[in-house]
Amino acid sequence: MRRIAQCCKLALGRFEEFACDLILAGIPLVVFYSALVRYLPISGRQMAWTEEVARLLLIWVVFWGAFILQRESGHFKVDLLVKRLGHRTQLLVGILVSLVMVVFLAFVGKAALLGMIERWVRLSAVLQFPQGLLWLPFFAWAILSLVCIVVEVILKIKLLVLRQ
């Protein structure tokens with residue numbers, strides 16, 4: 001059962017990274033198309049959608065990448081003082097920092113949800129998609145990161161209990 005969970009986690013991680021890479025590759029393609037169309041004898045209306053798509057892709061890739069970094073503990077940390085502490089104290093400090101992050105992400109998630117709901121009725125100028133879609137990755141990042149950190153806290157507490 002544990003092996004199946006590890007395989008699923010690995011497959012999900014690869015899918016997330018592939019999707020993030022795909023979105024990241026789409027941004028320069030859309031921007032390049034926009035620049036190309038600008039100098040070709042094609043109407044400016046066809047070019048207007050590229051700005052909206054590029055913006056949406058950029059927002060998605062930033063927050064998706066932030067979640068991947070959170071899940072892999074890839075964000076930089078200043079641990080000059082924490083490294084000097086004992087292992088048990090390091091775990092306690094890690095749990096405290098994670099709990100502070102949980103509170104922060106709960107507030108961010110709530111604000112993103114309210115922003116998304118408020119802007120869902122407004123439509124974008126060219127493609128006419130709900131402007132709430134611009135807030136959806138912000139909300140998704142907050143919720144996914146919140147879940148990831150809660151799992152980390154549970155694992156740290158288990159380590160703390162097992163070491164006693």
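Author: In this predicted model, a helix is a DSSP run of at least four residues, and helices are numbered from the N terminus.

Reader: Is valine 82 buried, exposed or partly exposed?
Author: Buried would need under 20% relative accessible area, and exposed over 50%. Valine 82 has 27% relative accessibility, so it counts as partly exposed.

Reader: Which residues is valine 82 in contact with, leaving aside its neighbours within four places in sequence?
Author: Contact means heavy atoms within 4.5 Å. With those neighbours set aside, valine 82 is in contact with Gln90 and Val93.

Reader: How many Å separate the C-alpha atoms of valine 82 and arginine 119?
Author: Along the chain the two are 37 residues apart. Helix H3 spans residues 87–119 and reaches 47 Å from its first C-alpha to its last. Between the C-alpha atoms of valine 82 and arginine 119, the separation is 42 Å.

Reader: Is H3 roughly parallel or antiparallel to H4?
Author: H3 and H4 (residues 136–162) pack at an angle of about 160 degrees, with axes 8 Å apart. Angles over 145 degrees count as roughly antiparallel, so H3 is, relative to H4, roughly antiparallel.

Reader: Which helix do the buried residues of H3 pack against?
Author: The buried residues of H3 include Leu91, Ile95, Val102 and Met116. They pack against H4.

Terms used
Residues are numbered from 1 along each chain as its sequence is written. This is a predicted model: local features need pLDDT of at least 70, side-chain atom pairs count only at pLDDT 80 or more; totals for chains, interfaces and linings use all residues. Side-chain values use heavy atoms; hydrogens and water are left out. Axes are lines fitted to C-alpha atoms, for helices over the stretch in contact, and angles run from 0 to 180 degrees between N-to-C directions. Helices (H or I, at least four residues) and strands (E, at least two) are DSSP runs, numbered from the N terminus. Angles under 35 degrees count as roughly parallel, over 145 as roughly antiparallel, 65 to 115 as roughly perpendicular and the rest as oblique. The expected span of a helix is 1.5 Å times one less than its number of residues. Buried means under 20% relative accessible area, exposed over 50%, partly exposed in between (1.4 Å probe, protein chains only).
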